[in-house]
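This report concerns the structure shown below. Please consult the sequence and the coordinates alongside the text.

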Amino acid sequence: MVCFCFLVDQTKKVKRSKPVAGSCSRCGGGASVADMITQTRFCFVPFYWKSWKAIMCTFCGAMLKSYR
Ligand SMILES: [Zn+2]
């Protein structure tokens, strides 16, 4: 018997980040530029990747700006 599952999830990973000039508009913490990877999985099998850059707050994790 075949069991079908329709489970799609997305994971966001920070590949690396480095501090950049600027501060968070929410908490005033330091900003950093991060190389992000969004991975979309279907039944736990990754089938789609997208890498992009974002400016993030190192303190509260807020996304200040993203480049796609
Ligand atoms: Zn912040």
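The model under discussion is predicted. Tyr48 belongs to strand E3.

## Sheet architecture

The sheet is open and consists of four strands in the order E1-E2-E3-E4, with antiparallel pairing. Strand E1 (8-23) and strand E4 (63-67) form the edges, each pairing on one side only. From one strand to the next, the twist averages 25°. In general, the strands of a sheet pair through backbone hydrogen bonds.

Strands E1 and E2 run antiparallel and are joined by 13 bridges; within this pairing, Lys18 stands opposite Val33 of E2. The hairpin of E1 and E2 has six residues between the strands, and Gly28 there adopts a positive phi near 80°. Strand E1 lies largely in the open, because the number of buried residues among its 16 is zero. Strand E2 (residues 30-42) also pairs with strand E3 (residues 45-57), in the antiparallel sense and over 12 bridges.

## Salt bridges

Side chains of opposite charge can pair when their charged atoms come close. How many salt bridges does a search of the whole structure find? The search returns three.

One of them joins the side chains of Asp9 and Arg41, at 2.9 Å from N to O. Since Asp9 is in strand E1 and Arg41 in strand E2, the pair ties together parts that are 32 residues apart in sequence. Asp9 is partly exposed, at 24% relative accessibility.

## The network around Asp35

Arg16, Asp35 and Lys53 are linked in a network of salt bridges. The side chains of Asp35 and Arg16 meet at 3.0 Å, N to O. Asp35 lies in strand E2 and Arg16 in strand E1, so this contact ties together parts 19 residues apart in sequence. The side chains of Lys53 and Asp35 meet at 2.7 Å, N to O, and this pair links strand E3 with strand E2 across 18 residues. Lys53 is also the bridge partner of Asp35 in E3.

Is Asp35 buried or exposed? Its relative accessible area is 12%, so Asp35 is buried. Arg16 counts as exposed, at 55% relative accessibility, whereas Lys53 is partly exposed at 40%.

Technical notes: Residues numbered from 1 in each chain as written. Predicted model: local features only at pLDDT ≥ 70, side-chain atom pairs only at ≥ 80, totals over all residues. Heavy atoms only, no water. Pairing = 2+ DSSP bridges. Helix = DSSP H or I, 4+ residues; strand = E, 2+ residues; numbered from the N terminus. Axes fitted to C-alpha atoms, helices over the stretch in contact; angles between N-to-C directions. Buried < 20%, exposed > 50% of the residue type's maximum accessible area, 1.4 Å probe, protein only. Salt bridge = Lys/Arg side-chain N within 4 Å of Asp/Glu carboxyl O.
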